[in-house]
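Q: I have a protein chain open here and would like to go through it piece by piece. Can we start with the charges and then move on to the fold?

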Amino acid sequence: MSIVRVKSENIIERRVVIDGQSKIFREQRACILLEGGYETAFNIGLDDGPVYSVGDYLFDGDSYGQNQYGELMFKRRKKLRPLAAWLKECAVVLPAAGK
């Protein structure tokens, strides 16, 4: 499991002209936590979606797909899911001692 950390709510906007029409790409900086405590920064596209709050996330299952050869790949539009929500959803309640 790779944890994605959003450290700032700043938005990066890039304006591009495509076929004579101006288009704005909205992105946010994040980093993926790697083994050994290393981080690698990347941009995650926001499209028209909301800005991610500062915190830890996982890639949502909708972020993955399959290419024409059946290999796992990231989809162009990646979504993040709060780590705390995922942990809460997967939590296991242990029975009380002696029962």
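Q: How far apart are the mean positions of the positive and negative charges in the protein chain?
A: They are 3 Å apart, taking 15 positive and 13 negative charges. Keep in mind that this is a predicted model.

Q: Which of those charges pair up in salt bridges, and how many salt bridges are there?
A: The count is 3 salt bridges. In one of them, the side chain of Arg-5 meets that of Asp-56, with N to O at 2.7 Å. Arg-5 sits in strand E1 (residues 4-6) and Asp-56 in strand E5, so this pair links distant parts of the chain, 51 residues apart.

Q: Why can side chains like that pair at all?
A: Side chains of opposite charge can pair when their charged atoms come close.

Q: What does Lys-7 form a salt bridge with?
A: Its partner is Glu-39, and the closest N and O atoms are 2.8 Å apart. This pair also links distant parts of the chain, with Lys-7 in the loop between E1 and E2 and Glu-39 in strand E4, 32 residues apart. Glu-39 has a relative accessible area of 38%, which makes it partly exposed.

Q: And which side chain does Glu-27 meet in a salt bridge?
A: That of Arg-14, at 3.2 Å from N to O. Glu-27 belongs to strand E3 and Arg-14 to strand E2, and the two are 13 residues apart.

Q: Is Glu-27 buried or exposed?
A: Buried: its relative accessibility is 13%, and the cut-off for buried is under 20%. Arg-14, in contrast, is partly exposed, at 38% relative accessible area.

Q: Change of topic. What is the secondary structure of the protein chain?
A: There is 1 helix and there are 8 strands.

Q: Why call the protein chain more spread out than a compact globule?
A: Because its radius of gyration is 18 Å, well over the 13 Å that the globule rule gives for 99 residues. The C-alpha trace spans about 70 × 35 × 30 Å along its principal axes.

Q: How many of the residues count as buried?
A: 19% of the 99 residues do. The accessible surface is about 7700 Å², and 53% of that belongs to carbon and sulfur atoms.

Q: What about contacts between residues at least 24 apart?
A: Among contacts between residues at least 6 apart in sequence, 43% join residues at least 24 apart.

Q: Now the backbone. What is phi for Asp-19?
A: Phi of Asp-19 is near 50°, which is positive, and the residue is not a glycine. For background, most residues other than glycine have a negative phi.

Q: Where does Asp-19 lie?
A: In the loop between strand E2 (12-18) and strand E3 (21-33). Asp-19 counts as exposed, at 78% relative accessibility.

Q: And what is the phi of Asp-47?
A: About 50°, again a positive value in a residue that is not a glycine. Asp-47 is placed in the loop between strand E4 (39-45) and strand E5 (55-59). With a relative accessible area of 45%, Asp-47 is partly exposed.

How values were computed:
Residues are numbered from 1 along each chain as its sequence is written. This is a predicted model: local features need pLDDT of at least 70, side-chain atom pairs count only at pLDDT 80 or more; totals for chains, interfaces and linings use all residues. Side-chain values use heavy atoms; hydrogens and water are left out. Helices (H or I, at least four residues) and strands (E, at least two) are DSSP runs, numbered from the N terminus. The radius of gyration is taken over C-alpha atoms; the globule rule is 2.2 Å times the number of residues to the power 0.38. Buried means under 20% relative accessible area, exposed over 50%, partly exposed in between (1.4 Å probe, protein chains only). Contact means heavy atoms within 4.5 Å. Accessible areas come from the Shrake-Rupley method with a 1.4 Å probe; for residues, only the protein chains shown count as cover. Lys and Arg count as positive and Asp and Glu as negative; His and the chain ends are not counted. The place of a charge is taken as NZ of Lys, CZ of Arg, CG of Asp or CD of Glu. A salt bridge is a side-chain nitrogen of Lys or Arg within 4 Å of a carboxyl oxygen of Asp or Glu.
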